[in-house]
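These are my notebook entries on a structure that I went through element by element. I set down what I looked up and what I found.

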Amino acid sequence: MKKSILIFSMAFCATFVMAQENEAVVTQTGNNNVGTTTQTGLRNVAITSQDGNANRGTVDQTGNDNFAAALRQAGNLNTGTIQQGDFGGGNIQSNNALASIDQSGNENNAVIRQRQGFPSGTAVSIHLIEQIGERNNASFETFNGGNFGSIYQEGNDNVASGRQSNQPNEIIIDQVGNSNQASVNQLSSRDNFALIDQSGNMNFANINQQGSLNSFASLEQSGVGNLASLVQTGDGNDAILVQDGENNLIRGVNVGDPALQLGNNNLLDVLQSGNGNTAIVSQTSDLNIASFTQIGNNNTATVIQR
């Protein structure tokens with residue numbers, strides 16, 4: 001049975017329909033699907049499409065001029081949540097935000113939560129999640145307008161997340177394969193860009209940016225069982241990390257610590273091609289350059305710049 005519902009809502013009573021100008025569209029094909037849309041504010045649009053069985057889709061918008069596009073679920077037992085405004089304390093609304101979730105497969109979970117930094121904020125936020133496969137998990141949470149984020153997952157059992165505050169920050173995470181994990185934290189930062197590209201299986205990547213002024217971090221993993229973790233707490237740092245092979249490791253001075261850029265205007269460039277290589281990095285002063293190239297197996301290199 002296919003049901004199509006078009007609602008021009010509805011903040012307090014039907015007489016406010018034309019003034020509110022909100023629009024919600026829900027299309028369901030299959031069995032036991034649940035689609036819920038709540039809109040409070042002006043000129044909001046929400047579109048939900050469910051094709052399969054036992055999918056759960058929720059759109060909750062508080063604010064003005066928000067557009068939640070293509071909460072699309074094709075498959076079974078998928079869960080998708082878009083919340084724009086009214087989370088994280090302070091009853092802060094969301095304005096001028098766009099969120100999109102597209103799920104193809106089974107048992108995937110995706111969550112997007114975004115809001116402005118203050119109630120009257122107008123900076124545009126855009127966050128997108130696309131999942132193809134099974135049991136993938138992806139989430140974005142941004143506490144200020146003006147941020148951008150994109151997660152693409154193709155495969156099974158992948159996990160990806162991003163968190164942002166201030167603005168403008170940008171996060172791009174691409175995962176193709178199985179059982180990969182990636183996370184980017186841009187809280188208490190601004191003007192940062194982070195890219196994680198994982199192709200293969202059981203790779204782990206983490207980027208934590210707490211500085212500002214166009215700090216750039218790119219982390220690419222191709223293979224199996226690679227691990228890289230990076231912390232940038234200074235300003236104007238750039239890092240390009242590439243791992244191609246199996247069981248390569250990029251870390252800080254102590255076992256389990258991330259590679260560190262604690263100073264300002266540092267450059268870090270690491271290339272690992274092979275298996276079982278280890279690069280240990282710590283940049284805790286300013287204007288340093290560190291470059292690693294490891295081609296082969298079981299190599300270890302250490303650079304400490306103070």
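**Entry 1. Salt bridges.** I count a salt bridge where a side-chain nitrogen of Lys or Arg lies within 4 Å of a carboxyl oxygen of Asp or Glu. By this criterion the side chains of Arg190 and Asp191 meet in a salt bridge, at 3.0 Å from N to O. I looked up the exposure of Arg190 and found it partly exposed, at 42% relative accessibility. My search of the whole structure, which is a predicted model, returned six salt bridges.

I then turned to Glu134 and Arg135, whose side chains form a salt bridge at 3.2 Å, N to O. Glu134 is partly exposed at 30% relative accessibility, and Arg135 is partly exposed at 37%. Salt bridges with shared partners join Glu134, Arg135 and Asp157 into one network.

A further pair is Glu141 and Arg163, with the closest N and O atoms 3.0 Å apart. Because Glu141 belongs to strand β12 and Arg163 to strand β14, the pair ties together parts that are 22 residues apart in sequence. For Glu141 I noted a relative accessibility of 21%, which counts as partly exposed; Arg163 is partly exposed as well, at 35%.

**Entry 2. Confidence.** I checked how far the prediction can be read. The mean pLDDT of the protein chain is 89, and 92% of its residues reach 70 or more. Over residues 1-19 pLDDT stays under 50, although the model has 31 contacts beyond four places in sequence for them. Where pLDDT is low, the predicted coordinates should not be read in detail.

Strand β10, residues 109-114, runs parallel to β12 and is joined to it by six bridges; Asn109 stands opposite Asn137. β12 also pairs in the parallel sense with strand β14, residues 159-164, over six bridges, and here Ser139 stands opposite Ser161.

Continuing, I found β14 paired in the parallel sense with strand β16, residues 181-186, over six bridges. The bridge partner of Arg163 in β16 is Asn185. β16 in turn pairs in the parallel sense with strand β18, residues 204-209, over five bridges, where Ser183 has Asn206 as its bridge partner.

I looked at Ser161 in strand β14 separately. Ser161 is partly exposed, with a relative accessible area of 25%. Its contacts beyond four places in sequence include Ser139, Ile173 and Ser183.

**Entry 3. Two buried asparagines in loops.** Asn78 sits in the loop between β6 (67-76) and β7 (79-84). Asn78 is buried, with a relative accessible area of 0%. Its side chain reaches the backbone nitrogen of Glu107 at 3.3 Å. Among the residues that Asn78 touches beyond four places in sequence are Ala54, Gln73, Gly105 and Asn108.

Asn136 is in the loop between β11 (125-134) and β12. Asn136 counts as buried, at 1% relative accessibility. The side chain of Asn136 reaches the backbone nitrogen of Asp157 at 3.4 Å. Its contacts beyond four places in sequence include Glu107, Gln131, Gly155 and Asn158.

**Entry 4. Backbone geometry.** Most residues other than glycine have a negative phi, and most peptide bonds are trans. I therefore listed departures from this pattern.

Ala54, in the loop between β4 (45-53) and β5 (56-64), has a positive phi of about 55° although it is not a glycine. Ala54 is partly exposed at 21% relative accessibility. Ser179, in the loop between β15 and β16, has a positive phi of about 60°. Ser179 counts as partly exposed, at 31% relative accessibility.

Which residues does a cis peptide bond join? The bond lies between Gln167 and Pro168, with omega about 5°. Pro168 is in the loop between β14 and β15 (170-178).

How values were computed: Residues are numbered from 1 along each chain as its sequence is written. This is a predicted model: local features need pLDDT of at least 70, side-chain atom pairs count only at pLDDT 80 or more; totals for chains, interfaces and linings use all residues. Side-chain values use heavy atoms; hydrogens and water are left out. Two strands pair if DSSP finds at least two bridges between them. Helices (H or I, at least four residues) and strands (E, at least two) are DSSP runs, numbered from the N terminus. Buried means under 20% relative accessible area, exposed over 50%, partly exposed in between (1.4 Å probe, protein chains only). A polar contact is a pair of N or O atoms within 3.5 Å; within protein, one must be able to donate a hydrogen and the other to accept it, and residues adjacent in sequence count only if both atoms are side-chain atoms. Contact means heavy atoms within 4.5 Å. pLDDT is the predictor's confidence in each residue, from 0 to 100.
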